[in-house]
Amino acid sequence: MRKLKVIVAKAGLDGHDRGAKVISRALRDAGFEVIYTGLRQSPEQIVSTAIDEGADFIGVSILSGAHMIVAKKIIENLAERGAEDIPVFMGGIIPESDIAKLKKIGIKAVFGPGTPTSETINYLRNYYKKNDM
Amino acid sequence: MTCKSRIQLARLIRKIEEGEEFSYYTKEIASHTIGITGSGGVGKSTLTSRLIQYYREKGNRVAVVATDPSSPFSGGALLGDRIRMQQFATDPDVFIKSVASRGKQGGVALCSGAIAAALSEAGYNPIIIETLGIGQDEIDISNIVDTSIVVFSPKTGDQIQAMKAGIMEIGDIFVVNKSDLSSADAMVSQLTKELTESGRKIEIIKTVASTGKGIEQLAQAIERHKLLIFSVSRKKRNAIYQIESILRDRIYSYIKESLQKKKYWDDALRDIVKGCDITDILKRLLSS
Ligand code: B12
Ligand SMILES: Nc1nc2c(ncn2[C@@H]2O[C@H](COP(=O)(O)OP(=O)(O)OP(=O)(O)O)[C@@H](O)[C@H]2O)c(=O)[nH]1
Ligand SMILES: [Mg+2]
């Protein structure tokens, strides 16, 4: 059985890193191998990191309001580099009304404040199983 | 290298990591391999980042394999060395791979050497391997790399005593990082004394990884060591060590799993806790 590998990334100038650290630790404690990128990452850096690390998932934490732009750029960049098969999910402060829009451009799931970390963990495990990655 | 083949390289490395591809364990590494070891927080990753910068300015294509510990409870890991190297994430001539120790002792992952072999084949040279930093016996690195660098910081002073047995014996170059802090010179004298006592002749370089001070000198020391080993007889990667490690890992998992299936394992643990003789229990386990 493979270990599941997740990139947890903070994009742009958003300095809120508590949520990203909470989710990183929760995933580690659930047996995932988490690569945390640190703050102020460009979409290109996030995508390159995911490719080189052979990641199974990219998780982006955004509380700055820039989620639409960042999501779009990451999805575009993945496609440009032929890595569109790496699923992207998001967390942070994201208005309910934007979730459908995010999903439309290719974000697989959004986990806002108050989501129990077990929900995220189960989602990722099931996604991996379902898609037989 | 094109985008597509970079993805292929990353996928190959992932297969090596997951134990799905074994051929690289015994492959020669043509590239120069540099190990960076030392206690937690001494500045290994920051130093590695500076070395990447140095080699990029020289026009080299550089790769890094950075190790962090796996949690013994969950088996998961939080790999954070890369944070200090993220400015190179989009450089097409830099490849950074994070690996977890996955229960292996010794400071490097089981797969580190094999991953270095794949990176060497892909044309990266040098390849830098950062060990995890728990300040115990991270000495396996010397079985994998050509040039081992042991990093100290002024604060690691009291730890030297504890490390003497292992880590003091493996270094090809010693670095006293954080030499912007006072007592760096005291650290250098202490190391010099240790080295004199053990009769070893090793360069000690002072660096400030956070500003880049001393990196040029470190790189020159690395170059001198490289010329030495490449011109005389290159210290070969210990292939036997690699194979032994992986065999030990596989045999252990295999035996443990098959014993667990038949509950022998749990019974043995319970009996040991009860105070039964370990030798008797071992005999029982081996005959079952
Ligand atoms: C603490 C805080 C700060 C701290 C941040 C400390 C730090 N190092 O993180 C400080 C004081 C520095 C700060 C500063 C600012 N803040 Co502030 N801050 C908050 C606050 C109160 C709580 C955020 C927090 O830490 N929550 C706790 C964590 C655990 O929750 P979380 O991040 O939401 O994460 C959970 C989930 O979202 C999810 N999750 C998060 N990320 C991810 C990723 C993945 C992959 C997954 C699966 C899940 C996931 O899992 C977590 C656990 O459930 C929020 C308000 C709020 N109620 O959210 C405002 C808030 C985020 N801040 C805000 C603002 C405006 C700012 C400032 C611009 C203020 C200013 N004018 O200076 C600055 C910007 C700083 C910067 N450089 O970005 C706004 C953002 C508005 C917006 N998005 O439009 C908010 C929403 C407050 C508000 N209502 O106006 N802030
Ligand atoms: N003052 C000072 N701080 C430094 C220097 N080099 C690194 N640091 C800081 O030391 C801390 C640890 O640096 P890292 O490079 O992450 O250390 P590490 O040895 O890789 O740590 P682990 O991988 O966790 O064992 C960071 O906060 C760095 O900014 C230095 O030369 N001087
Ligand atoms: Mg480190």
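View 1. A nitrogen atom of ligand 2 lies 3.2 Å from an N or O atom in the side chain of B:S210. The protein covers 73% of the 650 Å² of accessible area that ligand 2 has on its own. The model shown here is predicted. In B:D81, a side-chain N or O atom sits 2.8 Å from an oxygen atom of ligand 2. For B:E130, the corresponding distance from a side-chain N or O atom to an oxygen atom of ligand 2 is 3.2 Å.

**View 2. The shell around ligand 2.** Ligand 2 is surrounded by 17 residues. The closest are B:K44, B:S45, B:T46, B:D81 and B:R84. Sorted by class, the shell holds 8 polar, 6 charged and 3 nonpolar residues. Helix α2 of chain B, residues 44-57, supplies the largest share of this shell, with 3 residues.

**View 3. The pocket of ligand 2.** The second largest pocket is the space that ligand 2 takes.

**View 4. B:T131 in its loop.** B:T131 belongs to the loop of chain B between β5 (127-130) and α4 (141-144). B:T131 counts as buried because its relative accessibility is 0%, and the cut-off for buried is under 20%. The side chain of B:T131 makes a polar contact of 2.9 Å with the side chain of B:T37.

Technical notes:
Residues are numbered from 1 along each chain as its sequence is written. Chains are lettered from A and ligands numbered from 1 in the order in which they are written. This is a predicted model: local features need pLDDT of at least 70, side-chain atom pairs count only at pLDDT 80 or more; totals for chains, interfaces and linings use all residues. Side-chain values use heavy atoms; hydrogens and water are left out. A residue is near a molecule or strand if one of its heavy atoms lies within 4 Å of it. A polar contact is a pair of N or O atoms within 3.5 Å; within protein, one must be able to donate a hydrogen and the other to accept it, and residues adjacent in sequence count only if both atoms are side-chain atoms. Accessible areas come from the Shrake-Rupley method with a 1.4 Å probe; for residues, only the protein chains shown count as cover. On a 1 Å grid over the protein atoms alone, a cavity is a set of points where a 1.4 Å probe fits but cannot get out, and a pocket is an open set with protein on both sides within 12 Å along at least five of seven lines; lining residues have an atom within 4 Å of a point. A molecule sits in a cavity or pocket if more than half of its atoms lie within 2 Å of its grid points. Helices (H or I, at least four residues) and strands (E, at least two) are DSSP runs, numbered from the N terminus. Ala, Val, Leu, Ile, Met, Phe, Trp, Tyr, Cys and Pro count as nonpolar, Asp, Glu, Lys and Arg as charged, and the others, Gly among them, as polar. Buried means under 20% relative accessible area, exposed over 50%, partly exposed in between (1.4 Å probe, protein chains only).
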